[in-house]
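This briefing is intended to be read beside the coordinates.

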Amino acid sequence: MEPILTAAQMILESSTGLIQTARSLAVNPKDPPKWSVLAGHSRTVSDSIKKLITNMREKAPGQRECDDAIEVVNGCIREVDQASLAAISQQLTPRDDISMETLHEQMAASVHEISNLIDPVAVAARSEASQLGHKVSQMASYFEPLIMAAIGTASKILSSQQQMAVLDQTKTLAESALQMLYTAKEAGGNPKAAYMQNALEDSVQMMKEAVDDLGATLGEAASAAGAVGGMVDSINHAINKMEDGPADEPDGTFVDYQTTMVKTAKAIAVTVQEMVTKSNSNPDDLGGLANHLTNNFGNLANEAKYAALTAENDEIGSHIKKQVGELGFTCTSLVTKAGALQCSPNDSFTKKELIESARKVSEKVSHVLASLQAGNRGTQACITAASAVAGIIADLDTTIMFATAGTLNRENAETFADHREYILKTAKALVEDTKLLVSGAGASQERLAQAAQSSVSTITKLADVVKLGAASLGSEDPETQVVLINAVKDVAKALGNLISATKAAAGKPHDDPSMLQLKSSAKVMVTNVTSLLKTVKAVEDEATKGTRALEATIEHIKQELTVFCSSDPPPKTTTPEEFIRMTKGITVATAKAVAAGNSCRQEDIIATANLSRRAIADMLHSCK
């Protein structure tokens with residue numbers, strides 16, 4: 001304040017002298033010494049005014065703080081430059097006095113605070129001069145810890161590319177802050193300084209972009225280098241959101257959410273096992289797996305909110321949320337151990353802790369699955385049944401391979417007649433199970449579970465006895481063996497579809513589209529069982545078994561066309577080249593059919609039926 005008052009006093013004093021000298025000259029204008037005195041006073045007034053303006057600018061609120069902040073940020077930029085040179089020459093010594101996780105947290109916290117101060121500094125620079133000094137000092141105070149943490153983080157990163165990315169983007173943030181400080185100083189909190197407003201907006205935008213870029217790089221470094229604070233926060237946030245309940249009404253039924261949760265929970269279990277494996281073989285991969293685990297848990301917790309809301313009663317819903325919450329807490333422990341092991345890959349104690357944490361997570365996954373099963377025992381039984389049927393189909397495919405190769409041999413001296421009656425009896429039992437499944441969709445969960453379990457038990461027996469029956473035909477007739485196994489495979493596929501349709505329709509009203517799908521699946525199931533019965537009766541009839549094989553193939557192609565025309569996405573994609581290769585099978589099958597038509601031999605007709613079935617199915621799958 002004193003320099004401003006002194007300059008003002010000098011203006012007044014020199015102005016007084018100037019006026020008195022001018023008055024004297026007015027009386028005696030031809031007095032040369034007075035003119036010299038007048039010039040001196042005039043010069044003093046001019047210098048005093050300049051000095052006052054300078055002092056007012058320099059002593060304005062926030063100016064000194066802006067200069068101090070500029071000096072701090074310039075020093076930080078010099079430190080980053082030196083660290084970058086050391087990193088380029090591979091002489092950046094890793095810091096041993098602090099963990100990578102702590103450095104990452106310090107860096108992330110500093111960036112967050114700087115980000116929060118960008119707009120307040122801009123507002124102060126535009127129109128709040130009294131706040132400018134405080135805000136720029138506050139911003140500058142976060143740059144020194146940011147630079148220290150950034151250099152420490154870079155020193156612990158093994159990848160030179162990531163090292164330079166962290167250092168370069170930290171420097172970019174500091175440089176954009178420096179530009180903003182210069183602009184803020186010039187604007188000075190003066191709302192009338194309109195010429196500075198555009199420059200201030202540009203510097204604010206540049207700084208926000210620099211913050212975003214550095215934040216993205218920190219996220220990548222977190223997953224690659226074991227800094228897991230952000231992942232732990234994400235898991236805790238997901239748990240809290242789950243406890244708060246959903247903000248909107250659920251779109252699906254409990255079955256829909258249960259199905260998704262079962263898949264996600266199993267994916268978590270798989271990831272946990274991979275983490276145990278990688279802890280010994282390749283600890284560098286643990287960061288990516290921990291990130292994957294975090295994302296999966298977030299999805300699971302989100303689905304759990306709606307599953308709890310749509311459960312049969314509040315007790316089941318609360319139990320589901322409780323089990324998912326406990327799983328989340330064990331996941332945070334596992335993620336933390338994974339980060340610690342990445343920082344110290346050879347620490348055997350940390351490895352033991354990680355394996356123990358992984359065991360606890362796997363245990364909690366099983367508890368989540370049990371709570372879901374208790375919530376809807378019938379639909380859970382359907383999920384388990386569908387998985388079991390998929391295994392049966394895979395086993396039948398293997399048996400077809402053996403039969404095609406001519407290695408499916410009979411045991412002892414048994415004949416097909418030894419198995420025919422049991423096959424027919426078991427197939428009829430499966431029809432009864434089909435009726436129970438369809439009615440179970442609208443019944444209690446207990447009845448649905450019993451129907452699903454009974455159908456799996458029956459199809460398992462049917463597949464086993466048909467395989468024995470096919471083997472009893474002898475390896476000298478492989479095409480007939482394939483026809484018989486294909487017939488029971490069609491039944492198994494139809495049952496798998498029926499179980500899935502039953503699960504989707506469980507608890508739905510009678511006019512729901514899923515009920516129509518259930519009825520359609522039941523019709524296909526009955527058709528395929530009937531086809532199996534006809535095949536079993538004709539398999540030893542030399543006059544009709546070729547015709548029966550063709551009829552079964554025609555029915556199979558119709559069902560494949562239905563799948564082809566449906567809106568369901570295929571399980572995998574195919575290249576145009578692969579599709580072209582698949583069409584060659586149609587050419588071979590056509591030639592085989594022409595030859596069979598000329599020879600009229602049952603063996604040729606059966607072989608044509610088997611080949612055509614496979615060629616058409618492969619082409620349709622590939623085309624879709």
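**Helix packing, helix geometry and buried residues**

The axes of helix 14 (residues 377–404) and helix 17 (residues 478–505) approach to within 9 Å and cross at roughly 165°. The model is predicted. The points below begin with the contacts of helix 17 and then turn to other parts of the chain.

**Contacts of helix 17**

- Since angles over 145 degrees count as roughly antiparallel, helix 14 and helix 17 are therefore roughly antiparallel to each other.
- Helix 14 and helix 17 cross in a left-handed sense.
- The contact of helix 14 with helix 17 comprises 16 nonpolar, 7 polar and 4 charged residues.
- Helix 15 (residues 417–440) also packs with helix 17, at an angle of about 15° and with the axes 10 Å apart.
- Angles under 35 degrees count as roughly parallel, and helix 15 and helix 17 are therefore roughly parallel to each other.
- The crossing of helix 15 with helix 17 is left-handed.
- Asn-486 is a residue of helix 17, and its relative accessible area of 8% places it among buried residues.
- Asn-486 and Ile-400 are 86 residues apart along the chain, yet 7.7 Å separates their C-alpha atoms.

**Aromatic pair**

- The count of aromatic pairs in the model comes to 1.
- The pair consists of Tyr-257 and Tyr-306, which are stacked, with 5.5 Å from centre to centre and 20° between the planes.
- Tyr-257 belongs to helix 10 (residues 254–281) and Tyr-306 to helix 11 (residues 286–310), so the pair ties together parts that are 49 residues apart in sequence.
- Both Tyr-257 and Tyr-306 are buried.

- The buried residues of helix 6 include Phe-143, Leu-146, Ile-147, Ala-149 and Ala-150.
- Also buried in helix 6 are Ile-151, Gly-152, Thr-153, Ala-154 and Ser-155.
- Helix 7 (residues 160–187) contains 28 residues, and the distance from its first C-alpha to its last is 40 Å, close to the 40 Å expected at 1.5 Å a residue.
- Gly-188 follows helix 7 and has a positive phi, near 65°.

**Further buried residues and their spatial partners**

- Met-107 is located in helix 4 (residues 100–127).
- Buried residues have under 20% relative accessible area, and Met-107 counts as buried because its relative accessibility is 0%.
- Ile-151 is itself one of the buried residues in helix 6.
- Leu-354 is located in helix 13 (residues 348–375).
- With a relative accessibility of 0%, Leu-354 counts as buried.
- Leu-354 and Val-335 are 19 residues apart in sequence, and their C-alpha atoms are 8.6 Å apart in space.

Note on methods. Residues numbered from 1 in each chain as written. Predicted model: local features only at pLDDT ≥ 70, side-chain atom pairs only at ≥ 80, totals over all residues. Heavy atoms only, no water. Phe/Tyr/Trp six-rings, centres within 6.5 Å; stacked < 30°, edge-to-face > 60°. Helix = DSSP H or I, 4+ residues; strand = E, 2+ residues; numbered from the N terminus. Buried < 20%, exposed > 50% of the residue type's maximum accessible area, 1.4 Å probe, protein only. Axes fitted to C-alpha atoms, helices over the stretch in contact; angles between N-to-C directions. Parallel < 35°, antiparallel > 145°, perpendicular 65-115°, else oblique. Left-handed = near helix turned anticlockwise from the far one by under 90°. Nonpolar A, V, L, I, M, F, W, Y, C, P; charged D, E, K, R; others polar. Expected span 1.5 Å × (residues − 1).
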